[in-house]
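Keep the structure open as you read.

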Amino acid sequence: MIKNHLSRLLGERRMSQAKLARLTGIRPATINDIYHEMAERISIEHIDKICEVLHCSVADLFEYIPNAQPITGSYLIVEEHGNRKAK
């Protein structure tokens with residue numbers, strides 16, 4: 001799984017979500033989704049803007065944590081209509 005550390009980074013810099021939204025031009029709702037780890041997709045452009053404003057690297061913003069149950073390879077289920085689901 002991918003864990004994002006936006007809430008920690010904003011806390012360390014004493015910056016609000018609203019201020020980050022203003023400085024990056026990213027919609028406040030999008031910032032909120034990322035902050036609360038509800039976003040399923042984050043554009044590279046948004047990552048670039050967030051890292052620029054917070055003066056951090058992508059590695060500071062995201063962390064890879066191996067899944068307890070693998071979701072790829074032999075654990076991947078391909079359904080008849082082409083959608084994929086983990087077992």
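Of the chain's 87 residues, 24% count as buried (under 20% relative accessible area with a 1.4 Å probe, protein chains only). This is a predicted model, in which local features need pLDDT of at least 70, side-chain atom pairs count only at pLDDT 80 or more, and totals for chains, interfaces and linings use all residues. Residues are numbered from 1 along each chain as its sequence is written, and side-chain values use heavy atoms, with hydrogens and water left out.

The accessible surface of the chain is about 6,400 Å², and 52% of that belongs to carbon and sulfur atoms (Shrake-Rupley method, 1.4 Å probe).

Now follow the fold. The chain has five helices and four strands, and from the N terminus on they run β-α-α-α-α-α-β-β-β. Here helices are DSSP runs of H or I with at least four residues, and strands are runs of E with at least two.

Next, look at α2 (residues 17–24) and α3 (residues 28–35), whose axes come within 9 Å and cross at roughly 125°. The axes are lines fitted to C-alpha atoms over the stretch in contact, with angles from 0 to 180 degrees between N-to-C directions.

Which residues in α2 and α3 meet? Gln-17, Leu-20, Ala-21 and Thr-24 in α2 meet Pro-28, Ile-31, Asn-32 and Tyr-35 in α3, where contact means heavy atoms within 4.5 Å.

How values were computed: Buried means under 20% relative accessible area, exposed over 50%, partly exposed in between (1.4 Å probe, protein chains only).
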